[in-house]
2 protein chains.
Amino acid sequence: MHSSLLLERREQALGPGAELFYDDPVEIVRGEGCYLFDPSGRRYLDLYNNVPCVGHGNRAVAEAMAAQQATLNVHNRYLHEGIVTYAERLCALHHDGIESAVFCCTGTEANEVALAMARAVTGRAGIVCSDAAYHGNAGLVAALTEVGSGGQGPDAAIRGFPYPDCYRPLLPDASDDALCAAYLERVEEAIAELKRDGHGLAAFIVCSIFANEGLPRVPAGFLAAATELVHREGGLVIGDEVQCGFGRTGHWWGYEAMGFTPDIVVMGKPMGNGLPLAAAAAHRDHVAAFRRETDYFNTFASTPLQAAVGMTVLDEIERLALVGNAASTGAYLLDALQHRLAGAPGVGDIRGCGLFLAVEIVRDSASREPDPAAARQLANRFRAAGVLLGAAGVHGNVLKLRPPLVFSKADAEPFLEACDAIFGTNLER
Amino acid sequence: MHSSLLLERREQALGPGAELFYDDPVEIVRGEGCYLFDPSGRRYLDLYNNVPCVGHGNRAVAEAMAAQQATLNVHNRYLHEGIVTYAERLCALHHDGIESAVFCCTGTEANEVALAMARAVTGRAGIVCSDAAYHGNAGLVAALTEVGSGGQGPDAAIRGFPYPDCYRPLLPDASDDALCAAYLERVEEAIAELKRDGHGLAAFIVCSIFANEGLPRVPAGFLAAATELVHREGGLVIGDEVQCGFGRTGHWWGYEAMGFTPDIVVMGKPMGNGLPLAAAAAHRDHVAAFRRETDYFNTFASTPLQAAVGMTVLDEIERLALVGNAASTGAYLLDALQHRLAGAPGVGDIRGCGLFLAVEIVRDSASREPDPAAARQLANRFRAAGVLLGAAGVHGNVLKLRPPLVFSKADAEPFLEACDAIFGTNLER
């Protein structure tokens, strides 16, 4: 329950139109692990929030934050060991090509840095992204979002390709190999167009798991082959790990789950368990080219506070073995959902990796026609049943399951029970 | 002292070219009030950092941060009273026209929001800024910086005007009134050009005290008259308070010190004492137009953490009476500097308001020719003497004095002693 007075005050203080989830918004006052609590003490299972990856209310993070803030929190134009040590540890979690990091506050900023870096390194402007990409809400990265709607936004050097998807494929009834080739051909066309129009190729940027696109099943080998193609054309591959990094997929990085090796990795959201913290990391020479070209500086980034909190998040991921937990609990949940929901009316596909799962809601399983209204209704029904999840994907019809990584098999129970009630399927248990 | 090993590690981990202050960079491990400490325990008086406005290491802020992080820190699409109450309190600190706030992580983001808001409200694109403006490091706001260098950047709808300055005026030997009129005329020309080129006028954006320009003496009445002009032309006035807000000038807001009333205020840097926190605030209808037009959302903004920390910063500013302190200590310091340094070789002008003072370093006081090399040398000499300050301004020749607001008259002593030694002037005490 929430007070209508608070809703009114919010509309005045934040202005009308500040988004709220659910027809009946949830007022939250406290969080713990993968649960959120309203003012009456009612508990909600949080299947939505990826930011608090080591748990809502994680004490170690709060304590590290306070200790550092009470000691020192200042910009990065003085020497401070904290951010150096953190950058070293962060880069060491990636493949050898990732040596140096540029820190930012948000994923948007870090994606902007990555694109500027690719342009600085290659001396070319062209960017290829998927036609349902989301890499941020400002500047050049926001322009990427517009590719899907047919426009090229304010930046003429952006070209889209149809995102790879085995459920609604570019070629019907094609083999996986043929489908992969078809998508690659579209990437090739986008690159050719950029070259023909005089932009050349700077970067191919993807969310490593195509989260915004709806977490599609990607034809095997697509991203490795695309990487090879982009390298052959002299461009850099940017792996946007804002949503899929830090263990989410059951691997440290989404690109490991998807079998490719980006030249620039972009990290954000879960990185600071709620503290604004993001980074773009790459080969030292790439970062040097970026810094030479841009003189980039960010008051609130690379700070002792970011370092202390980011470090503690890594500690907690390791202490709680959350990468392995994402793999095993994610596999358990995927299996449970496939057993319970396969064939349920409106359920088109159930997929995902680690603790990032997707349930496609469709009008009927033969036509596979997306049903975003039903997905929204389901999200509202789950909310009423005490489970918080959201609808996403390019069609808005994909139920997105993405709990804090501390989510356990026991935590899955209330969700699975709610599934039984809401989808009405007690079959195949 | 710092270890050369740390320098090497930093160059590898952050990439070559990440900026460091001073020829001999300072390694900092701890801060307290307006002092910073290196690993050997050597104390530096901090005359540079405006972000930790309620003091380095402020305990109340650290405790509020930890308490909220341990309780709840989540995005703003659930109802939470904290950010609503904070927005209400923040808006109430401004004039009546400021009713609703859009929260962000950085001043860059908040300035972007302000510009997008002005464009949404007016339905026009044109932006007028000073020819030495700095409002941020990304996207459209970064384009504003390029106006000074003659280009218009990627956005064709930006026009610059020469920033108002009584020390190096547009008209030599003019009266204050004539000078004011001359600068206004240039604003008028910029607006006329935007209209002629089909952009129309959306916004006139200024740092309320022209901090990046070098904190010039502004002809009396200029900003009030410019505001009237902009309103007559149907545009909105954006007061960028990122540097001058929250008591810095001895008033709560720089626009109060400068005698004008902006339609949109942009706040940042000191707002969270180091936590990434910024906002653009305006009339409710303006914010509504912005939200309608953009669907703006920011994962890390409007959070319970931002609210708790922002609230505590306001508490501390009030508890420690820092607005009054900025006025009285600032006046004391300005007077002391004028007595000690007036006529010292290389000192061209000493000015400022509250705890934001500027000392112009020139080749000689007759020509007023900026001497950035001497300013840099002075900053290095002060650093060697245990006082941290920086050189700024469009010519890079202005020593910028901008300590945490907890700076007291007693704290001024080590700086004034260093001035005596460095400028060699013990006169007129």
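The contact between the chains takes 77 residues from chain A and 75 residues from chain B. Keep in mind as you read that this is a predicted model. On the chain A side, helix H2 (59–71) gives the most, with 9 residues.

**Where the chains meet**

- Several elements of chain A each supply at least two residues of the side that touches chain B: helix H1 (4–13), strand E1 (30–32), helix H2 (59–71), helix H3 (81–92), strand E4, helix H4 and helix H9 (284–294).
- By class, that side of chain A divides into 37 nonpolar, 23 polar and 17 charged residues.

- Strand E5 (residues 126–130) of chain A runs parallel to E6(A), and 4 bridges join the two.
- Within E6(A), Gly160(A) is the bridge partner of Cys129(A).

**Strand E4 in chain B**

- Is strand E4 (residues 100–104) of chain B enclosed or open? Here 5 of the 5 residues are buried, so the strand is largely enclosed by the rest of the structure.
- Ser100(B), Val102(B) and Cys104(B) point one way from E4(B), while Ala101(B) and Phe103(B) point the other way, and all are buried.
- E4(B) pairs with strand E10 (residues 278–282) of chain B in the antiparallel sense, over 5 bridges.
- Cys104(B) has Ala278(B) as its bridge partner in E10(B).

**Two packed helices in chain A**

- Helix H11 (residues 322–341) and helix H13 (residues 409–423) of chain A pack at an angle of about 20°, and their axes are 11 Å apart.
- That angle makes H11(A) roughly parallel to H13(A), because angles under 35 degrees count as roughly parallel.
- H11(A) passes H13(A) in a right-handed crossing.
- From H11(A), the contact is made by Thr329(A), Tyr332(A), Leu333(A), Ala336(A), Arg340(A) and Leu341(A).
- From H13(A), the residues in the contact are Lys409(A), Ala412(A), Leu416(A), Cys419(A), Asp420(A) and Phe423(A).
- Sorted by class, this contact has 8 nonpolar, 1 polar and 3 charged residues.

- Strand E12 (residues 356–361) of chain A is mostly covered, with 6 of its 6 residues buried.
- One way from E12(A) point Phe356(A), Ala358(A) and Glu360(A), and the other way point Leu357(A), Val359(A) and Ile361(A).
- Strand E11 (residues 347–353) of chain A pairs with E12(A) in the antiparallel sense over 6 bridges, with Arg351(A) standing opposite Ala358(A).
- The hairpin of E11(A) and E12(A) has 2 residues between the strands, and in this hairpin Gly354(A) takes a positive phi near 60°.
- E12(A) is also joined by 4 bridges to strand E15 (residues 398–401) of chain A, and the two run antiparallel.
- Val359(A) stands opposite Leu399(A) in E15(A).

**Individual residues to look up**

- Most residues other than glycine have a negative phi.
- Tyr22(A), with a phi near 75°, has a positive value; this residue lies in the loop between H1 and E1 of chain A.
- Tyr22(A) counts as partly exposed, with 16 C-beta neighbours inside 10 Å.
- Asp295(A) has a positive phi of about 55°, and it is found in the loop between H9 and helix H10 (304–319) of chain A.
- With 10 C-beta neighbours inside 10 Å, Asp295(A) counts as exposed.
- In chain B, Asn325(B) lies in helix H11 (residues 322–341) and is buried, with 20 other C-beta atoms within 10 Å.
- Asn325(B) and Glu413(B) are 88 residues apart in sequence, and their C-alpha atoms are 16 Å apart in space.

Terms used. Residues numbered from 1 in each chain as written. Chains lettered and ligands numbered in written order. Predicted model: local features only at pLDDT ≥ 70, side-chain atom pairs only at ≥ 80, totals over all residues. Pairing = 2+ DSSP bridges. Buried ≥ 20, exposed ≤ 12 C-beta atoms within 10 Å, placed from the backbone. Axes fitted to C-alpha atoms, helices over the stretch in contact; angles between N-to-C directions. Parallel < 35°, antiparallel > 145°, perpendicular 65-115°, else oblique. Left-handed = near helix turned anticlockwise from the far one by under 90°. Contact = placed C-beta atoms within 7 Å. Nonpolar A, V, L, I, M, F, W, Y, C, P; charged D, E, K, R; others polar.
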